[in-house]
Amino acid sequence: MSDIWPEELRVSQDRKTLSVTFNNGHNYSFPAEMLRVLSPSAEVQGHSPEQRVTVPGKINVGIMKIDPVGNYAVRITFDDMHDTGLFTWIYLHQLGEEYETRWQDYLDELKEKNLSREPKFH
């Protein structure tokens, strides 16, 4: 699987979608919200499955910038200033392959924990 890499990464004009075209012909479009709530950062994933955090309120999040990290990943900076996740090519490809399942799992977690995709305003 390490022989998979993106040929193109493109952020939509509204900053809400990242499209990735891989060298194996697979093409995926990721909502910024999905990338933010499934960020591979320790802040979201924790250091074990039990520590993983369900991140609510990110329906309106956008992508501020994308920076390459070596030849294996990108760092995405979101407009809520989260930027600690390194999205490896393998992780992005897995997210694309498992998009529907991972997204539904996230929606189910929100419901189970009585959380919302909508931000809370104080």
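How many helices and strands are there in the protein? The protein has four helices and six strands. The model is a predicted one. Read from the N terminus, its elements follow the order β-β-β-α-α-β-β-β-α-α. The radius of gyration is 14 Å, close to the 14 Å given by the globule rule for 122 residues, so the protein is as compact as a globular protein of that length.

**Overall dimensions and packing**
- Along the principal axes, the C-alpha atoms fill a box of roughly 40 × 30 × 25 Å.
- Buried residues make up 36% of the 122 in the protein.
- Take the contacts between residues at least 6 apart in sequence: 46% of them join residues at least 24 apart.

**Surface and charge**
- The accessible surface of the protein is about 7300 Å². Carbon and sulfur atoms account for 49% of that surface.
- The protein carries 13 positive and 19 negative charges.

**Asp-83**
- Asp-83 sits in the loop that links strand S5 (73-78) and strand S6 (86-88).
- Its relative accessible area is 30%, so Asp-83 counts as partly exposed.
- Leaving aside residues up to four places away in sequence, Asp-83 touches Arg-75, Ile-76 and Thr-77.
- Asp-83 and Arg-117 are separated by 34 residues in sequence. In space, the C-alpha atoms of Asp-83 and Arg-117 are 20 Å apart.

Terms used: Residues numbered from 1 in each chain as written. Predicted model: local features only at pLDDT ≥ 70, side-chain atom pairs only at ≥ 80, totals over all residues. Heavy atoms only, no water. Helix = DSSP H or I, 4+ residues; strand = E, 2+ residues; numbered from the N terminus. Rg over C-alpha atoms; globule rule 2.2 N^0.38 Å. Buried < 20%, exposed > 50% of the residue type's maximum accessible area, 1.4 Å probe, protein only. Contact = heavy atoms within 4.5 Å. Areas by Shrake-Rupley, 256 points an atom, 1.4 Å probe, with all protein chains shown as cover. Lys, Arg positive; Asp, Glu negative; His and termini not counted. Charge placed at Lys NZ, Arg CZ, Asp CG, Glu CD.
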